[in-house]
Amino acid sequence: MNFKIILLPGDGIGPEVVGEAVRVLEKIASKFNHSFDFQERLMGGCSIDKYGSSLTDETLADCQASDSVLLGAVGGPKWDDPKAKDRPERGLLALRKGLGVFANLRPVKVHPALIEGSPLKPEKLKGVDILVIRELTGGLYFGFPKGRDVKDGRERAVDTLEYYDYEIRRIMKLAFELAKGRRKKVTSVDKANVLESSRLWRQIATQLGKGNPDVELEHVLVDTAAMKLITGPAWMDVVVTENMFGDILTDEASVLAGSMGMLPSASLGVAGSRSGSEARMGLYEPIHGSAPDIAGKGIANPVGTILSAAMMLRHSFELEVEATAIEAAVDRSISDGARTADLGGKLTTRQMAEELIKNIQ
Ligand code: IPM
Ligand code: MG
C-alpha cells in the first residue's frame, strides 16, 4: 500500500529524531512491501523564521490532504519573547485544531530493564501499563473568552475552560472502546468538586459508563490523580481527561517510564477518513519537547518518535503487524542494553536507531 506522510521535524532535536524515525519506516516499507511517500514541511519556530508564521495555510492544507503527519518538536529560547505576535506553540495548537485531532493517546509503559532508572520504588512500577487519553482540541487551551485587557484600571488576563457535550462524549466513547481491548477500566479525571465543566464531564462519563457495563468506570479528582500516579500507577488502565489536566499528568507519568524520551503519542480525529474503516487521520509526535540544550549534538533519544511512527502504522494505516514489529524491536534493544544519554548510556541518536533497525524481524 502507498501512504502519504507529511514530516514536520520542527525545532531543536526535532529534525534529529524525525530523521531516525524515517529510517525505521523505510526499513518497514522494504521489509513488508509498502511505500511511504514522505514530504517535509516547516512548522514552529523554523516556519516563523522562514515565512513569518508558525503554521502557514499551505502547510496546514498539505497536512489535511495527507494520510498522516509525523512531528518532531517545536519551540526554543529564540522564539520565547512573551510579547511576540506568533510563537512556535501556536502553530502546534492550530495544527491540532485544524486537523480535528481531538484525542491524544499517550501510552505509558515501563520496560522492566528501565525500572532501576526511575526515581520510584521498583515495586510500584511493576505492571504499569497506562493509556492516557488527553482531550486535545477543547478545554482550557481553546475556550473563549481568552485574552488580555484592562478592566477597572487593572491589567487582566483570561482563559476559559469550556466544553460542549459532544466534545466530551466523543472522547469518552473512544476511552471505553479502547478500554475494551485492554484491562476494561476507565479512570475519568476531573475537578467536579469545583468546576462546572467537570460536572458536565462527569455526567457524560457516567452516562457512557451505564452503556458499557463490561467496563469499570471510576471518577478521580485531578489532584488525587496526580498523587495516585506516583503511589499506585499499576492499577490505572485507561485515563481520560481534559486538555490541560492531561498535559500536566502526562509529563508526570513520563517519569514512570524512566525518561520522557521513550514516550510516543498519537492524536486522532474521527474514524473512517481512510477506506471507511477504523483508520483515522492522525498526528504523531513524541511527548518530549525540542530540548534546545542538546539540539544538534546527535544524542537525543529517538525512541519516542520511533514509537510514535509505530502508532501511526497502527492507527492511521491499520498495519498492526508492522507496528508490533517496531515495538518489539524497541523492547529487544532496551533489553539488550541499548541506551542513549537520557537513559544513562552512550549511544548516539543514530546508533540507537541502528540497534532498533537491526532488531526489526
Ligand atoms: C505537549 C506540549 C504542548 C502542549 C505545548 C508545546 C504547546 O506541552 O504536547 O504536551 O501543551 O500541548
Ligand atoms: Mg506537555
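User: Why is Cys-63 called buried?

Analyst: The relative accessible area of Cys-63 is 0%, and buried means under 20% (exposed is over 50%, partly exposed in between, with a 1.4 Å probe and protein chains only), so Cys-63 gets the label. By the way, this is a predicted model: local features need pLDDT of at least 70, side-chain atom pairs count only at pLDDT 80 or more, and totals for chains, interfaces and linings use all residues. Residues are numbered from 1 along each chain as its sequence is written, chains are lettered from A and ligands numbered from 1 in the order in which they are written, and side-chain values use heavy atoms, without hydrogens and water.

User: And what makes Cys-46 buried?

Analyst: Cys-46 has a relative accessible area of 18%, so Cys-46 falls on the buried side too.

User: What makes Arg-134 a polar contact of ligand 1?

Analyst: A polar contact is a pair of N or O atoms within 3.5 Å (within protein, one must be able to donate a hydrogen and the other to accept it, and residues adjacent in sequence count only if both atoms are side-chain atoms). A polar side-chain atom of Arg-134 is 2.8 Å from an oxygen of ligand 1, so the pair passes. Asp-247 has a polar side-chain atom 2.9 Å from a ligand 1 oxygen, and for Arg-106 the value is 2.9 Å.

User: Which residues surround ligand 1?

Analyst: They are Glu-89, Arg-96, Arg-106, Arg-134, Tyr-141 and Asp-247, where near means a heavy atom within 4 Å.
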